[in-house]
Amino acid sequence: MTPTVYIADIAKYPGKEVTLQGWVYNKTHKGKLQFIMLRDGTGIIQAVLFKDDVGDAVFESCLNLTQESSVRITGSVTEDKRAKGGFELQAKKVDILQIAPEYPISPKEHGIDFLMEHRHLWLRSSLQHAIIKVRHEVIRACRDYFDNLGFTLIDAPIFTPAACEGTTTLFETNYFDSKAYLTQSGQLYMEAAAMAFGKVYCFGPTFRAEKSKTRRHLTEFWMIEPEVAYCDLPCVMDLAEGLIVSIVERVLERKKEELLLLERDLAPLERVQKPFPKITYDQAVELLKKADAAFTFGSDFGAPDETIISQAFDRPVMVTHYPAEVKAFYMKRDPAQPDRALGVDVLASEGYGEIIGGGQREDDLQSLLDRIEAHKLPAEAFNWYIDLRKFGSVPHAGFGLGIERTISWICGLQHIRETIPFPRTISRIYP
Ligand code: 4AD
Ligand code: MG
C-alpha cells in the first residue's frame with residue numbers, strides 16, 4: 001500500500017512511492033510536462049507530471065487545475081538539490097477532488113480591507129501561514145515555561161459579574177434576567193486560585209471594547225496570566241523577564257525559517273537576554289522630556305510615549321512605580337511612596353510598546369475595600385474577591401502577557417491584526 005504522507009515528512013521517503021493530498025499553489029505547463037506546486041499546510045513541493053507517465057486523460061484534466069484546486073497526487077519522491085526542500089514528486093496518478101473557480105487572492109497587491117474581508121482564504125498565503133506558525137510556538141513556549149516551573153493551569157471564566165480593568169471597555173451581555181460582562185482579564189480568579197494552588201496561570205481570550213482604532217488594539221485578544229502567592233514585585237519581574245527570554249529563544253530555535261520569510265531582522269531578537277533594563281516611571285518621564293515629547297507628568301503613557309521609551313534600550317524595558325491613580329484598583333501601593341503602585345509594565349524593544357502589565361496586588365482588607373469604593377465598583381460583585389483578604393491573605397503578584405502584541409513584536413509586524421487567525425476590532429467581526 002502506498003503511504004499517504006505530509007510534505008513535511010517527505011525526506012523520510014526518498015525513492016519511495018507516496019500519496020500527497022493538498023491544494024494547487026501554482027502551476028506551469030510546457031509541452032508534455034506540467035509542474036504543480038502543491039501545498040498541504042505542512043510544506044510545499046513541486047509535482048512533475050509527465051504525459052507518458054500519467055496518461056493522456058489525466059494529463060488533459062490536469063490542464064484545468066486552477067490555483068487552490070484540491071488534489072491527491074501519487075508518485076515517487078526524488079531528491080532534487082535545486083528544489084526548495086530538496087525533493088520533488090514524479091507523479092504517476094492524480095485525483096482531482098475539486099476545481100476551484102478563480103481565486104480572489106492573486107500575487108498582485110491587494111488592499112488590507114480586501115485581504116481582511118477574505119481572511120478565511122488569506123490564511124493560506126505563505127506570510128500569514130508563517131505568522132500563525134510563530135503564534136503556535138509562542139503559545140507553546142508560554143505553556144512550557146510555566147509547566148516546567150510547576151505552575152497549575154487554571155481556566156478562568158469568560159462571563160463575569162464585574163470589571164477587572166476599568167468599566168470603560170466592558171462588553172456587556174444579557175445573562176438570563178441579569179447582565180454579565182465578557183472577561184477583561186482572568187486575574188481576579190487567578191488570585192483565588194493562587195491561594196489554593198500556590199502558583200497558577202490561565203491562558204484564554206479576553207475582551208475589551210476598545211473604541212479607538214490603533215495598530216496595537218484588538219477587541220478580542222489572548223492573554224497568559226500567571227499569579228503567585230508569597231511573591232512581591234521583584235519576584236514577579238523575574239518571572240516576566242524569564243518568560244520573555246524563553247519565548248524569544250524558543251521562536252529563534254524552532255521558527256527561524258518563518259522569521260526569515262517574514263524578513264524579520266534577527267539581531268534585535270538575539271539581544272533579548274537577561275537582565276532587562278529596569279526603570280521607574282519618573283526615569284521614563286525623563287526620557288520623554290529629553291525627546292521633547294508632549295507629556296503631562298502623572299498621566300499614563302500613550303503608544304507614542306512607549307515607543308520613545310522603548311527605543312532608548314536594546315532589549316525590552318521594565319517600567320515600575322507608575323502613579324497609583326492611573327493604575328487599576330487592585331494594585332498595591334508602595335509603602336515608601338503611597339502615591340505609587342507596585343506595578344510593572346514591560347515594553348518590548350524596537351518601539352513595539354507594552355506587552356506585559358502586572359505587579360503586586362493589594363493584600364490588605366481595608367485598603368482594598370477603600371480602593372473598590374474609590375473606583376466606584378459594585379462592592380457586592382467583589383465579595384468573593386474580598387474574602388481572599390480575610391482568609392489567609394498573603395503578599396502575591398502576577399501579570400498578563402498579551403499574546404498578539406508579543407507576536408507582533410517577534411514577527412516585526414506593522415499591525416496587530418495579522419497575529420490572530422480571525423481578528424476582532426472596532427470595525428471588524430467578519431469573517
Ligand atoms: O495591562 P493589562 O490591562 O493588564 C491586565 O489585564 C492585568 N489584569 C493582567 C494581570 O496582571 N494578570 O493587559 C495586559 C496585556 C497588555 O500588556 C497587552 O499586552 C495586552 O494585555 N493587551 C492587549 N492586547 C491586544 N489588544 C488589546 N486591546 C489589549 N489590551 C491589553
Ligand atoms: Mg497595561
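Reply: The model shown here is predicted. In it, Lys 274 and Pro 275 are joined by a cis peptide bond, with omega about -5 degrees. A second example is the bond from Tyr 430 to Pro 431, which is cis with omega of about -5 degrees. Pro 431 belongs to the segment after helix 14. A further point concerns Glu 68, which is not a glycine and yet has a positive phi, near 75 degrees. Glu 68 is found in the loop between helix 2 (56-62) and strand 4 (70-79). These features deserve a remark because most peptide bonds are trans and most residues other than glycine have a negative phi.

We now turn to the ligand. Where does ligand 1 sit? Its place is the largest pocket.

Individual atoms can be examined next. In the side chain of Arg 361, an N or O atom is 2.9 Å from an oxygen atom of ligand 1. Backbone atoms take part as well: a backbone N or O atom of Gly 357 lies 3.5 Å from an oxygen atom of ligand 1, and for Gly 402 a backbone N or O atom lies 3.3 Å from an oxygen atom of the ligand. How much of the accessible area of ligand 1 does the protein cover? On its own, ligand 1 has 630 Å² of accessible area, and the protein covers 94% of this.

The largest pocket holds about 1,200 Å³ of space. Its lining has 45 residues, and the closest to the centre of the pocket are Glu 165, Arg 208, Glu 210, Asp 300 and Glu 354. At least two lining residues each are supplied by strand 11, helix 11 (303-310), strand 17, strand 18 and helix 14 (403-411). In the lining of the largest pocket, 19 residues are nonpolar, 13 are polar and 13 are charged.

Rolling a probe the size of a water molecule over the atoms shows where empty space is left. The count comes to 1 cavity of 30 Å³ or more. The largest cavity has a volume of about 80 Å³. Thirteen is the number of residues that line the largest cavity, and Thr 160, Ala 162, Ala 163, Leu 188 and Tyr 189 are the closest to its centre. What kinds of residue make up the lining of the largest cavity? It divides into 9 nonpolar and 4 polar residues, with no charged residue. The lining of the largest pocket, by contrast, includes 13 charged residues.

Conventions:
Residues numbered from 1 in each chain as written. Chains lettered and ligands numbered in written order. Predicted model: local features only at pLDDT ≥ 70, side-chain atom pairs only at ≥ 80, totals over all residues. Heavy atoms only, no water. Polar contact = N/O pair within 3.5 Å; in protein donor to acceptor, adjacent residues only side chain to side chain. Areas by Shrake-Rupley, 256 points an atom, 1.4 Å probe, with all protein chains shown as cover. 1 Å grid on protein atoms, 1.4 Å probe; cavity = no way out; pocket = protein on both sides within 12 Å on 5 of 7 lines; lining within 4 Å. Sits in = over half its atoms within 2 Å of the grid points. Points joined across faces, edges and corners; volume = space filled by probe spheres on them. Helix = DSSP H or I, 4+ residues; strand = E, 2+ residues; numbered from the N terminus. Nonpolar A, V, L, I, M, F, W, Y, C, P; charged D, E, K, R; others polar.
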